[in-house]
Amino acid sequence: MLGLTSPDTFRRRAAGVSLVLAPLCLLLGMIVDPLTAGADETLGYAQNPVATGISATLLHYAWVLWVPGVIGLVHLVRGKGVVLANVAGAVTVLGLINFSSLMIADFFDIVLYRRLPEEQATTILQEAAQPAMVIAWQVPGMIGSLSGLIAVAVAYARAGHAGWWFPAGVPVGMVVWIAGTRAGIPLLAYTGPAILLLVFGIVGTAMIRMTDEQWRPARPPVPAGDRSVSGRTRGQLSMEDMSG
């Protein structure tokens with residue numbers, strides 16, 4: 001069932017399932033997030049440690065699970081959009097790895113505000129935002145992940161594997177999600193991830209259902225001249241081996 005004995009079957013299914021689970025974890029993480037539910041912006045995590053831990057874990061795995069999904073999308077782009085897919089794929093994977101690591105800050109938030117006065121805890125968190133962390137962790141994580149997912153979706157649609165609703169739905173879902181989160185509007189904060197779950201879910205399901213032949217496109221035929229050169233080269237190597 002899992003296709004563990006077949007590299008094509010297992011990797012195709014793993015990538016497709018990841019594209020479904022990633023936005024699902026994002027949606028569930030936002031639903032459980034105490035701040036989205038209206039908790040105090042400063043003390044909300046410390047006052048709700050269990051919900052915060054569950055939310056941070058779900059959000060962490062949302063970004064982690066998008067990695068194999070993105071690799072699967074890039075794998076299927078051949079010909080049109082291949083350069084964009086390769087560049088965007090690399091940027092997205094690096095961004096997602098960075099973004100997933102940022103979720104650990106929620107656990108420090110819990111401990112600091114439970115053990116220290118509010119003003120002191122806030123000062124420590126602000127001072128922890130060192131330039132290296134912002135430049136090398138936060139910025140690549142956020143920009144690389146969000147813009148990269150959009151670019152990969154564009155390359156995937158340009159290659160003809162999905163309609164243009166895919167690259168259109170990804171930024172819409174992200175904008176609605178970010179806007180709802182920052183404005184403190186739960187409905188929008190949930191709707192954004194739901195849109196991402198819809199568009200990535202359709203693509204992921206299609207990937208799961210495709211055949212191994214579709215997953216592994218046939219290589220273009222080698223021109224006759226290249227075949228003859230290759231044959232001569234192999235023949236020369238064989239003669240040299242025999243003479244040696």
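Helix α3 passes helix α5 in a right-handed crossing, where right-handed means the near helix is turned clockwise from the far one by less than a right angle, and left-handed means anticlockwise. This is a predicted model, so local features need pLDDT of at least 70 and side-chain atom pairs count only at pLDDT 80 or more, while totals for chains, interfaces and linings use all residues. Residues are numbered from 1 along each chain as its sequence is written, and side-chain values use heavy atoms, with hydrogens and water left out.

Staying with this pair, α3 and α5 (residues 105-115) pack at an angle of about 160°, their axes 9 Å apart. Helices here are DSSP runs of H or I, at least four residues, numbered from the N terminus. Axes are lines fitted to C-alpha atoms over the stretch in contact, and angles run from 0 to 180 degrees between N-to-C directions. The angle makes α3 roughly antiparallel to α5, the term for angles over 145 degrees. In contact, meaning heavy atoms within 4.5 Å, are P49, T52, G53, A56 and T57 of α3 with D106, F107, I110 and R114 of α5. That contact has four nonpolar, three polar and two charged residues. Nonpolar covers Ala, Val, Leu, Ile, Met, Phe, Trp, Tyr, Cys and Pro; charged covers Asp, Glu, Lys and Arg; the others, Gly among them, are polar.

Now α3 by itself. How far apart are its end C-alpha atoms? They are 42 Å apart, which agrees with the 40 Å that its 28 residues, 49-76, should span at 1.5 Å a residue. α3 bends by about 25° at V67, and a proline, P68, follows within four residues. The bend is the angle between axes fitted to the seven residues ending there and the seven starting there.

Next, helix α8. The axes of α7 (residues 131-158) and α8 come within 7 Å and cross at roughly 160°, which makes α7 roughly antiparallel to α8. Their crossing is right-handed. Among the contact residues are L146 and Y156 of α7 and F166 and W177 of α8. By class, the contact has 14 nonpolar, no polar and no charged residues.

α8 (residues 165-183) also packs with α9 (residues 186-209), at about 160° with axes 6 Å apart. Here the crossing is left-handed. The contact includes W165, F166 and W177 of α8 and P193 and F200 of α9. It has 16 nonpolar, six polar and no charged residues.

Methods:
Helices (H or I, at least four residues) and strands (E, at least two) are DSSP runs, numbered from the N terminus. The expected span of a helix is 1.5 Å times one less than its number of residues. Angles under 35 degrees count as roughly parallel, over 145 as roughly antiparallel, 65 to 115 as roughly perpendicular and the rest as oblique.
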